[in-house]
Amino acid sequence: MSKAKPGALKGAPKGWIQLTAPSGRGQLYVLRDFASRHLAARDLYVWRPDGADEDGPLPVLYMQDGQNLFDARLVPFGVAWEADASLSRLIDAGQVAPTLVVGVACTKDRFAEYAPALLLDQLSSPARQAVLDAWPGAPKSAAYARMLVEEIKPLIDATFPTRPQRETTFIAGSSMGAVVASELLARHPDIFAGAALLSAHFSLLPVTETERLPEGFAKDVAEAVGLFAQRHMPRAGSHRLWLDRGTLSIDRFYPQAHAALVSALLALGYVEGVDLSVRAYGGASHDEGAWRERLDEALAFLLRPRG
């Protein structure tokens, strides 16, 4: 287990800035312009819950689009996930252990960084070309995975008291952030014990709902999603997955691809209600407000104590 330097958490760790958590719960820190060897610089946010021993090691949840997680004033859309409030409720209720949250901010290259190379490799040529034509730049998910696993995680483990082993390390995201979270789990099942995938954009397109799609595109993508899971996702037994969608906005395009993912996971031995939870929320759209409303459910399933 890692251990922060003595006194490191009596204020902001060196190089970090302490912010005010909007919920009034826990301690919120930001590291500005974290420099990576692999991708563009970005901010990192860390929230540490109330009641955690100063030196007591904590499980860690890594979340994508970190600038949208805590403070609505930082979000272009004016609505945040309020992850600090969600975890505080779950911890207070004894549903999950106190958990450190790491929010990895996105950059202007968000689509390229989150573009799932392992999934795109399963697509037919016309479907793959349609995706690449709609998204700016070649997929960078492999570089994103290296940044998170080789640079960000070691930094967090060295700076904060964490429980760095697989059993206490999780990942989550929404939309394309959920898709890259699934690829992170697929690439590093030895590092992550589970993933929460909210409004997972496995349909790949449409994004603006104006893209012209090749004939049979949805079927091609569903087949590719199934192959991705079959070939790359970990077998059941040591991991946990939450998958959800709404029924409005671009979420209405998700049923076919989500069904293909679920079918492949069941074939890998996952059992709904045990290590797999699949939800559809009627009337829910594709936005931070919708994800905030169901975050408690997603994290209660993902982070609940084993056994």
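**Exercise 1. Helices α1 and α9**

Work out how α1 passes α9 in this predicted model, giving the handedness of the crossing, and then describe the packing and the contact residues.

*Solution.*
- Step 1: Look at the crossing. Helix α1 goes past α9 in a right-handed sense.
- Step 2: Find the geometry. Two packed helices are described by the angle between their axes and the distance between the axes. Here α1 (residues 83-92) and α9 (residues 288-303) pack at about 55 degrees, and their axes are 10 Å apart.
- Step 3: Name the arrangement. That angle makes α1 oblique to α9.
- Step 4: List the partners. From α1 come A83, S86, L87, R89 and L90, and they meet L295, D296, L299, A300 and L303 of α9.
- Step 5: Sort them by class. The contact of α1 with α9 holds seven nonpolar, one polar and two charged residues.

**Exercise 2. Helices α7 and α8**

At what angle do the axes of α7 and α8 cross, and which residues of the two helices meet?

*Solution.*
- Step 1: Helix α7 spans residues 217-232 and helix α8 spans residues 255-267; their axes come within 8 Å and cross at roughly 25 degrees.
- Step 2: Angles under 35 degrees count as roughly parallel. So α7 is roughly parallel to α8.
- Step 3: The handedness here is right-handed, with α7 passing α8.
- Step 4: On the α7 side, A218, K219, A222, V225, G226, A229 and Q230 take part, and they meet Q256, A257, A260, L261 and A264 in α8.
- Step 5: By class, the α7 and α8 contact contains eight nonpolar, three polar and one charged residues.

**Exercise 3. Helices α5 and α6**

Describe how α5 and α6 pack, and say which of their residues meet.

*Solution.*
- Step 1: The axes of α5 (residues 141-159) and α6 (residues 176-187) lie 10 Å apart, at an angle of about 70 degrees.
- Step 2: An angle of 65 to 115 degrees counts as roughly perpendicular, and α5 and α6 are therefore roughly perpendicular to each other.
- Step 3: Their crossing is right-handed.
- Step 4: S141, A142, Y144, A145 and L148 of α5 meet V180, E183, L184 and R187 of α6.
- Step 5: These contact residues divide into six nonpolar, one polar and two charged.

**Exercise 4. The largest pocket**

How much space lies in the largest pocket, and which residues lie nearest its centre?

*Solution.*
- Step 1: The volume is about 310 Å³.
- Step 2: The lining has 19 residues, and F77, R110, H286, E288 and W291 lie nearest the centre.
- Step 3: Now for the elements: α2 (110-114) and α9 are those that give two or more residues to the lining.
- Step 4: Sorted by class, nine lining residues are nonpolar, six are polar and four are charged.

**Exercise 5. A loop with two backbone features**

Where do S199 and P206 sit, and what is the phi of S199?

*Solution.*
- Step 1: P206 is in the loop between β7 (194-198) and α7, and S199 has its place in the loop between β7 and α7 as well.
- Step 2: Recall the background. Most residues other than glycine have a negative phi, and most peptide bonds are trans.
- Step 3: Check phi. S199 has a positive value, near 45 degrees, although S199 is a residue other than glycine.
- Step 4: Check omega. From L205 to P206 the peptide bond is cis, with omega near 0 degrees.

How values were computed: Residues are numbered from 1 along each chain as its sequence is written. This is a predicted model: local features need pLDDT of at least 70, side-chain atom pairs count only at pLDDT 80 or more; totals for chains, interfaces and linings use all residues. Side-chain values use heavy atoms; hydrogens and water are left out. Axes are lines fitted to C-alpha atoms, for helices over the stretch in contact, and angles run from 0 to 180 degrees between N-to-C directions. Helices (H or I, at least four residues) and strands (E, at least two) are DSSP runs, numbered from the N terminus. Angles under 35 degrees count as roughly parallel, over 145 as roughly antiparallel, 65 to 115 as roughly perpendicular and the rest as oblique. A crossing is left-handed if the near helix is turned anticlockwise from the far one by less than a right angle, and right-handed if clockwise. Contact means heavy atoms within 4.5 Å. Ala, Val, Leu, Ile, Met, Phe, Trp, Tyr, Cys and Pro count as nonpolar, Asp, Glu, Lys and Arg as charged, and the others, Gly among them, as polar. On a 1 Å grid over the protein atoms alone, a cavity is a set of points where a 1.4 Å probe fits but cannot get out, and a pocket is an open set with protein on both sides within 12 Å along at least five of seven lines; lining residues have an atom within 4 Å of a point. Grid points are joined across faces, edges and corners, and a volume is the space filled by probe spheres set on the points.
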